[in-house]
Amino acid sequence: MDFKKGNMSLKRLLFILPALLIYLVFMVYPMVRSLIISLHKWDGLSPEMDFIGIKNYIDFFKDPVSYTVLKNNLLLMIVLLIVPVILGLVLAVALNKKLPGRIVYRTIYYSPYVLPMVAVGLIWSWIYDPMFGALNSILKSVGLGQYVQGWLGQPSTAFPAILVTIIWRSVGMPMLLFLAGLQDISPQLYESAEIDGANKFQQFIYITIPQLKQSFAIVISLLIVGSLKQAFGIVYAMTWGGPGRSTQILSVWMYFNTFLYEKAGYGSAIAWIMTIIAMLIIIPYIRIMTKNT
Amino acid sequence: MNNDRLEKILLYIFLTALLILWIAPFFIVILTALRTQNDLLTNGVFSIPENIIFDNILNAWNKGNMSTYYRNSIVLTLLKVPTGVIIASLVAFPLAKWKFKFKEPLFILFLIGLAVPIHVTLLPNTITLSKLNLLNTLPGLFFPYIAFGLPMQILILRGFFSTIPNAFLEAAYIDGASEFIVYRRIMLPLAKPAIAALVIMDFLATWNEFTMALIFIHSEQWKTVPLGLMGLQGQFSSNYPTVMAATLVAIIPVILIYILLQRFFVTGLGGGIKG
């Protein structure tokens with residue numbers, strides 16, 4: 001058949017070129033250029049750049065702020081891998097039953113996931129407001145007035161407060177993906193397990209969990225990559241990395257260095273550290289996707 | 001007592017408690033946005049508003065410039081979403097159905113984009129856009145947005161196209177149809193569910209995008225909704241009703257689209273997984 005031949009006419013190239021051109025100019029080229037910038041000392045504006053090899057990367061690992069930043073990113077990733085995964089799975093199993101009203105539940109649990117990050121950040125900043133916020137109002141009205149505090153204004157509570165916000169936003173995503181996975185499990189598996197005398201818990205451990213393997217792979221990679229990329233708007237809107245550097249994360253710290261402190265080389269090195277982490281996580285996922293076909 | 005019934009009741013209690021936690025922030029936004037600052041500060045967030053007023057919303061819309069941000073976001077979304085999905089579907093067709101050199105590397109090149117944090121491209125793209133005189137313009141957002149939408153869209157569309165039997169295509173080629181006719185008359189119509197899901201997901205992503213807008217747009221007149229909302233918070237910082245009214249205005253389109261079209265969402269996500 002003609003369409004299986006290997007040659008490429010100009011007409012056929014027109015299918016590929018628009019996507020390829022835009023992708024090369026605005027994605028591939030900037031990545032390479034950013035890697036080059038990261039090997040220089042540069043303010044981001046002046047015509048000269050000093051080549052300094054991997055000094056920016058070494059400086060990053062020498063700077064004590066980097067440890068706060070990495071610790072926060074790691075904490076964010078671990079919390080996201082525990083709370084939304086478990087809660088999402090529990091909700092998916094519950095809502096997979098024929099409960100009346102389950103669509104309403106599903107709709108509401110997922111709804112924060114469609115909001116702009118900045119909106120999520122502003123809504124929760126208002127909830128945590130020290131003077132009039134909803135959280136402190138509730139604490140006062142139930143007699144826990146001694147716990148009233150400026151949640152985002154002190155290092156001890158600011159990052160946990162951000163984590164709660166991100167959990168609220170994220171739970172719906174794994175729930176929806178697990179629900180899709182559950183609907184693909186054949187009911188016969190459960191029927192034969194029932195005949196063999198397996199109880200509900202055993203069925204969950206030996207049938208449900210293994211059958212959801214693919215859903216788990218997708219949920220976990222999306223959450224890990226999301227933990228690197230998506231917290232930007234929330235942290236930017238809620239704390240701007242403060243108080244001090246206590247809620248600083250890689251993406252916001254990269255932005256500060258590149259665009260506010262005129263340390264373009266150093267900021268680019270941070271961006272590349274993020275990229276390398278994300279690549280290491282996503283490559284196994286890409287291999288699964290390409291092997292399937 | 002019937003064990004099944006007890007289990008069901010406990011399940012409902014758990015689900016409902018969580019539901020209240022999940023929906024409360026939305027109520028807080030509405031309860032704050034529709035009352036006066038005075039009423040809020042004297043009676044607290046959880047009291048019933050003395051009067052339901054829409055002044056804050058008008059304030060956010062006019063003085064807060066929400067009308068300008070809306071115009072920009074609508075124009076950008078209407079142009080970017082269809083263009084991006086069409087460009088992705090054009091390249092997904094060869095990736096699914098043709099044989100050519102570098103097919104596999106090309107697909108992998110696009111997939112790598114799934115992992116790239118936009119942050120790594122921000123500074124180089126600022127330089128490129130300023131050379132093209134596109135910095136601080138809506139077209140300056142249009143091209144990078146397309147580039148970042150492509151990987152997921154290509155992955156999903158290629159998956160859908162692969163499931164279309166080759167026999168359909170062969171029959172068309174025998175009848176003398178060109179590649180474009182096959183794409184337009186066979187591939188696109190059969191991939192409708194995937195395209196609908198992608199359009200909706202891309203609408204949300206475009207409407208919500210903040211990071212690139214923050215770096216590439218500086219003037220008030222070209223700000224998109226999330227960027228404008230952030231600036232508005234600075235301008236009205238302790239006027240909570242106005243900030244929450246602006247937030248409400250900013251999220252209404254995504255909430256409406258989500259509620260009205262959510263069935264496409266589930267199928268779209270599912271289609272993406274099965275690839």
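Reader: Which residues in H7(A) meet H12(A)?

Author: Bear in mind that this is a predicted model. On the H7(A) side the residues are Ile162(A), Thr165(A) and Ile166(A), and they meet Ala231(A), Ile234(A), Val235(A) and Met238(A) in H12(A).

Reader: And at what angle do the axes of those two helices cross?

Author: The axis of H7, residues 155-170 of chain A, and that of H12, residues 231-238 of chain A, cross at roughly 135 degrees and come within 11 Å. Since angles over 145 degrees would count as roughly antiparallel, H7(A) and H12(A) are therefore classed as oblique to each other. In handedness, H7(A) passes H12(A) in a right-handed crossing.

Reader: OK, over to chain B. How far apart are the axes of H4 and H10 there, and what's the angle?

Author: The axes of H4 (residues 66-97) and H10 (residues 192-208) of chain B are 9 Å apart, and the helices pack at an angle of about 140 degrees. H4(B) and H10(B) are therefore oblique to each other, and H4(B) passes H10(B) in a right-handed crossing.

Reader: Which residues make up that H4(B) and H10(B) meeting?

Author: From H4(B) the residues are Ser73(B), Leu76(B), Thr77(B), Lys80(B), Val81(B), Gly84(B), Val85(B) and Ser89(B). In H10(B) they meet Ile195(B), Leu198(B), Val199(B), Asp202(B), Phe203(B), Thr206(B) and Trp207(B).

Reader: Zooming out, what's the secondary structure of chain B?

Author: Chain B has 13 helices and zero strands, so the pattern along its sequence is helix after helix, given the DSSP assignment. The radius of gyration of chain B is 24 Å, well over the 19 Å from the globule rule for 275 residues, so chain B is more spread out than a compact globule. Along the principal axes, its C-alpha atoms fill a box of roughly 75 × 70 × 30 Å.

Reader: What does chain A come to in helices and strands, and what is its radius of gyration?

Author: Chain A comes to 14 helices and two strands. Its radius of gyration is 24 Å, whereas a compact globule of 293 residues would be near 19 Å. The C-alpha trace of chain A spans about 75 × 75 × 35 Å along its principal axes.

Reader: What about contacts in chain B between residues at least 24 apart?

Author: Among the contacts in chain B that join residues at least 6 apart in sequence, 78% are between residues at least 24 apart. For chain A, residues 24 or more positions apart account for 67% of the contacts with a separation of 6 or more.

Reader: Which residues touch the most other members of the largest nonpolar core?

Author: Those are Ile270(A), Met274(A) and Val91(B), in a core of 162 residues. Leaving aside neighbours within four places in sequence, Ile270(A) is in contact with Phe60(A), Leu250(A), Trp253(A), Met254(A) and Asn257(A).

Methods: Residues are numbered from 1 along each chain as its sequence is written. Chains are lettered from A and ligands numbered from 1 in the order in which they are written. This is a predicted model: local features need pLDDT of at least 70, side-chain atom pairs count only at pLDDT 80 or more; totals for chains, interfaces and linings use all residues. A nonpolar core is a set of buried Ala, Val, Leu, Ile, Met, Phe, Trp, Tyr and Cys residues joined through C-beta atoms within 7 Å. A residue is buried if 20 or more other C-beta atoms lie within 10 Å of its own, exposed if 12 or fewer, and partly exposed in between; C-beta atoms are placed from the backbone. Two residues are in contact if their C-beta atoms, placed from the backbone, lie within 7 Å. Helices (H or I, at least four residues) and strands (E, at least two) are DSSP runs, numbered from the N terminus. The radius of gyration is taken over C-alpha atoms; the globule rule is 2.2 Å times the number of residues to the power 0.38. Axes are lines fitted to C-alpha atoms, for helices over the stretch in contact, and angles run from 0 to 180 degrees between N-to-C directions. Angles under 35 degrees count as roughly parallel, over 145 as roughly antiparallel, 65 to 115 as roughly perpendicular and the rest as oblique. A crossing is left-handed if the near helix is turned anticlockwise from the far one by less than a right angle, and right-handed if clockwise.
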